[in-house]
Amino acid sequence: MILLIDEDNEPTKSLYYLGARVIQALANSNFGVVDPNILFRSLNSEDILTSNRLSFDYFMLTLDWLYILGKIDLNEKGDVVRCF
């Protein structure tokens with residue numbers, strides 16, 4: 001069961017928290033379609049003043065988890081599309 005993916009058990013590193021941040025970013029986008037690189041930079045720009053920088057590995061794991069849950073998909077250009 002992958003709830004906390006950090007050995008330090010930081011709640012901000014859980015898939016629930018990271019998934020919620022991705023879903024919130026997609027919900028705030030104009031059409032529910034975002035380039036993955038822009039999404040990654042956007043999520044990291046929110047945490048400039050904190051040490052909670054999101055690694056690319058955690059980001060990809062979060063996208064995989066949301067895809068398995070049926071909350072996101074990819075379009076033909078490789079953009080992340082919300083399915084909610």
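## Order of elements and confidence

In what order do the elements of the protein chain run from the N terminus on? The order is α-β-α-α-β-β, and the secondary structure comes to three helices and three strands, where helices (H or I, at least four residues) and strands (E, at least two) are DSSP runs numbered from the N terminus.

This is a predicted model, in which local features need pLDDT of at least 70 and side-chain atom pairs count only at pLDDT 80 or more, whereas totals for chains, interfaces and linings use all residues. Residues are numbered from 1 along each chain as its sequence is written, and side-chain values use heavy atoms, with hydrogens and water left out. The protein chain averages a pLDDT of 83, and 82% of the residues score at least 70; pLDDT is the predictor's confidence in each residue, from 0 to 100.

The three strands form an open sheet in the order S1-S3-S2, with antiparallel pairing. Strand S1 (33–34) and S2 stand at the edges with a single partner strand each, so one side of each is left without a neighbour in the sheet. Pairing requires that DSSP finds at least two bridges between two strands, and S2 and strand S3 (residues 80–82) pair in the antiparallel sense over three bridges. Leu74 stands opposite Val80 in S3.

## Burial and the nonpolar core

Of the 84 residues of the protein chain, 33% count as buried; buried means under 20% relative accessible area, exposed means over 50%, and partly exposed lies in between (1.4 Å probe, protein chains only). The chain exposes about 5,500 Å², of which carbon and sulfur atoms supply 56%, with areas taken from the Shrake-Rupley method with a 1.4 Å probe and, for residues, only the protein chains shown counting as cover.

In soluble globular proteins, nonpolar side chains tend to be buried together. The largest nonpolar core here has 15 residues, and those with the most contacts inside it are Val22, Leu39, Leu43, Leu54, Phe59 and Leu63; such a core is a set of buried Ala, Val, Leu, Ile, Met, Phe, Trp, Tyr and Cys residues joined through side-chain atoms within 4.5 Å. The elements that give two or more residues to this core are H1, helix H2 (36–45) and helix H3 (56–69). Leaving out residues up to four places away in sequence, Leu39 touches Val22, Ala25, Val34, Phe59, Leu63 and Val80, where a contact means heavy atoms within 4.5 Å.

## Aromatic pairs

The structure holds four aromatic pairs; rings of Phe, Tyr and Trp (its six-membered ring) pair if their centres lie within 6.5 Å, and planes under 30 degrees apart count as stacked, over 60 as edge-to-face and the rest as tilted. One of the pairs is formed by Tyr16 and Trp65, which are edge-to-face at 5.5 Å centre to centre with 80° between the planes. Tyr16 lies in helix H1 and Trp65 in helix H3, so the pair ties together parts that are 49 residues apart in sequence. Trp65 is partly exposed, with a relative accessible area of 22%.

Phe40 and Phe59 form a tilted pair, with 5.3 Å centre to centre and 55° between the planes. This pair links distant parts of the chain, with Phe40 in helix H2 and Phe59 in helix H3, 19 residues apart. Both Phe40 and Phe59 are buried, and Phe40, Phe56 and Phe59 form one aromatic cluster.

## Contacts across the sequence

Among the contacts in the protein chain with a separation of 6 or more, 48% join residues 24 or more positions apart. Gly32, in the loop between H1 and S1, is buried with a relative accessible area of 0%. Leaving aside neighbours within four places in sequence, Gly32 is in contact with Leu26, Val80, Val81 and Arg82; Gly32 and Val81 are 49 residues apart in sequence and 5.7 Å apart in space, C-alpha to C-alpha.

Leu26, in helix H1, counts as buried at 0% relative accessibility. Not counting residues up to four places away in sequence, Leu26 touches Gly32, Val34, Ile72, Val80, Arg82 and Phe84. The C-alpha atoms of Leu26 and Val80 are separated by 8.4 Å, although the two residues are 54 residues apart along the chain. Ser42 lies in helix H2 and counts as partly exposed at 28% relative accessibility.
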